[in-house]
Amino acid sequence: MKKKLPALILTVAGAILLAIHYLPFGKGDLDITIKQASYIMPAAYKVYANSDALNGEYYLFKMLMTNEGKNTISDAKVTYRIPNYVDWTDLETIPRIYPGQHVVVRCYPQFKDDIVNKMTQSQEKVEIRITYNGGQSIDEDFKFNLMGRNQFVYTDLPPEEIAGYPDMFRNDQLVGCFVTPQDPIIKYYTQQVQEKVMKGEEASVSGKPDDAVKFLMGVYAATYVSHMVYSGTEGIPQKLGDISSLVQSTRLPREVVTGNTGLCIELSLLYASILKAAGLHPVIFLIPGHAYPGILVNGQYYAIEATGIGGEGLGSRMSPADAFKAGMKELNEFVQNVQAGDNRYFFVDIDAMEAKGVIPMELKDDEFLRKKIDDIAASFGGGARSVPEEPGSSMEKNLASRNDGGGGGGGSESGMRKYGGIVSFDYPAGWKRFDYPAPSWPFLVSEIDSRDGSSGIDVINLNGFRSSGQAIEWLRRTMARSGRYMTYQYQNSNNGYDVYKGVTSSSAGSRQWEAVFRSSGSGIVGVSIGSSAFSEREGMVNQILSSIR
Amino acid sequence: MKKISLILLIGIGIMLNPVRAQELIKPQKLNVKYDLNGLGDAHIEASMTLDASQWDNYKKLIGNNPDILKRQMERTFPGYFLQNFNYKEDVMNRAWTLSFDALGLGKVNSRGHWQVDLNSKNPDITRISDHNYILTSNYSNGGTLMQEIDNINFPDATSDIKQDKDALGKAIFTYSSSDGGGYGSWLTLIFGGILFLAGLGLLLRPGKV
């Protein structure tokens, strides 16, 4: 037996070390830090539920667990519940937390669809339980504000963190949650508008801007003939935990239709819902104190002033054509403000936000609301024709004037068309014009391309520059960053314009061009005409240049 | 790794040369270095060099509030706790560097391996050495083409580093680490195993007749 004693000691020592490694001896000092949301908006419950939506930045809470003891903690299981809303739910089980190790657990709460029936704000409690080492546990809790379904809180930043306007309206990226194209009531309303106001349409099928604009004006006509009225409200400042924010009660699109009234953002949400239900690409333009809806077709934006319906009590009402004209004017101002670097001007692309996980709420069908839609649709009797037309402002005339280049006047007898705006000139009638073809490059006001794509005209507006030399040098440097290399030579000054000639090369080939620049009130405007077959088109280039005013 | 969303800054001219998808566009580079420790925390350093007009625009946007970058990082990395922010500018070279610690970047998975999530599918990963990997990604940020180069450095205490996928098909790194065991470290496992097996061997060895 004595001979076996050393072997026995070795075996026992080994067994003890293995037990220390595998078994959770000691208390294991688990420290918990919780970062919580101050409020949850039921309208955005699908965003809060999705860890991938908007990069996962909208969570209910995240928790830092730190093992501050000397022993490994095993099987740390985190569960939570929100009494009356979410039952005990497992979040995560962490097999091991080593001494000194940090582990982060995030909670994206899975509210049921009926959360969107919550009409008023309340304070709710989150209970968290962490069990570990096969029996030890820690309980934590905190309170948060569960808003009503119509309440929209503009920011999630505490006051001391807010540096400017975009921070105050940080949650604008969530407005897409109020765009409800799948709502059976909105689908039904859209069908009624398509059938009784537009008498059939093919905007989403044809993909033509004219059809899409007609659709936009058709939606306006529907709100016009049903005597929908504009009604404004303001957000109410509220303190929600660490957050101080404006909270606005926002009617859902179905409530706007059946209530026959809405403020600017509500009308914009309604338009976006109908446009999307019809298979189009809606956008909402947000500017200080106002919002208006728009549409993206073939890379171009169109807008309409939805609040033009006004109301008898408010005085005048705009015809659809005038509302469209007003919307396009606002869009032009929007682009100019973006160009000037005003970050209070931005737009929400509903499709793009949906791709990022901003998914609308689930809404159920409702016979009573369908009946109300039927009553409203009865007023559609005369269709868009029942909208009073004003001289020079019918849909057709408006579209015709827009097609001629937006600058007034149709194509001339010589086969040229007039461009009007910050500069005016004639260009070949067969060329295709695109206004603001690249919203992220707002200085490019228009691009006009020949049918074969070998030639083109750019209309450029560069605010803040004092000379054409300064402006063209800035263009050269910025183009170089995007792989386009430009060489140019100043030629002369003629009729108040500085004339330049040059060549721009990229991996797509080279274009020779001639450009003219002049001062405007706020900077430099210019027109450049270029072609990959410049010598063959020189006569045409000179014809365009000589018409510039 | 998460694509870092930054305030940018870059005006683009397309004079006489409309944008075509197939054209070669020179991206703006963002370098991000991740230095992991043996307990799954990381020191992250993001840096960028701008040209004169970009720098001018950047300064207009950031002003005296570089904490805007801190908030952007917190939104970029919601899965971790960030601390110890440090911001530096090299104004003569129009460059900035932001560094911070990210707690909880790596954690132990259900198989007992350390795991770091890359939060993207099929990333472009280049192995530089056993402990150093480069991820390259191109993406659009507010109309500007970005090239983000993530340099991931695993500590010497790690081994068996493998590229894998999680249940959702997103790329992950798994590895072993000899750090952070406390009393329950790998040393106790190895020595315990050796002692136990040695003792057992001696006990079971047949005695002399």
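What follows is a conversation about a predicted model with a chain A and a chain B.

Visitor: What makes helix 4 of chain A roughly perpendicular to helix 8 of chain A?

Guide: The axes of helix 4 (residues 184–197) and helix 8 (residues 264–277) of chain A come within 9 Å and cross at roughly 75 degrees. Angles of 65 to 115 degrees count as roughly perpendicular, and therefore helix 4 of chain A is described as roughly perpendicular to helix 8 of chain A.

Visitor: Which residues make the contact between helix 4 and helix 8 of chain A?

Guide: On the side of helix 4 of chain A they are A:I186, A:Y189 and A:T190, while helix 8 of chain A brings A:L270, A:S273, A:I274 and A:A277. Contact here means that heavy atoms lie within 4.5 Å.

Visitor: Why are some residues of helix 9 of chain A called buried, and which are they?

Guide: A residue is called buried because its relative accessible area is under 20%. In helix 9 of chain A the buried residues include A:P320, A:A321, A:F324, A:L331, A:F334 and A:V335, and A:D322, A:E330 and A:Q339 are also among them. Helix 9 of chain A is followed by A:G341, whose phi is positive, near 85 degrees.

Visitor: What share of each chain is buried?

Guide: In chain A, buried residues make up 54% of the 549 residues, and in chain B they make up 48% of the 209 residues.

Visitor: What secondary structure do the chains have?

Guide: Chain A comes to 14 helices and 26 strands, whereas chain B has 3 helices and 11 strands. Read along the sequence, chain B follows the pattern β-β-α-α-β-β-β-β-β-β-β-β-β-α.

Visitor: What is the mean pLDDT of chain A, and where is the pLDDT below 50?

Guide: The mean pLDDT of chain A is 83, and 88% of its residues reach 70 or more. Over residues 390–414 of chain A, however, the pLDDT is below 50, although this stretch has 44 contacts in the model beyond near neighbours in sequence.

How values were computed:
Residues numbered from 1 in each chain as written. Chains lettered and ligands numbered in written order. Predicted model: local features only at pLDDT ≥ 70, side-chain atom pairs only at ≥ 80, totals over all residues. Heavy atoms only, no water. Helix = DSSP H or I, 4+ residues; strand = E, 2+ residues; numbered from the N terminus. Buried < 20%, exposed > 50% of the residue type's maximum accessible area, 1.4 Å probe, protein only. pLDDT = per-residue confidence, 0-100. Axes fitted to C-alpha atoms, helices over the stretch in contact; angles between N-to-C directions. Parallel < 35°, antiparallel > 145°, perpendicular 65-115°, else oblique.
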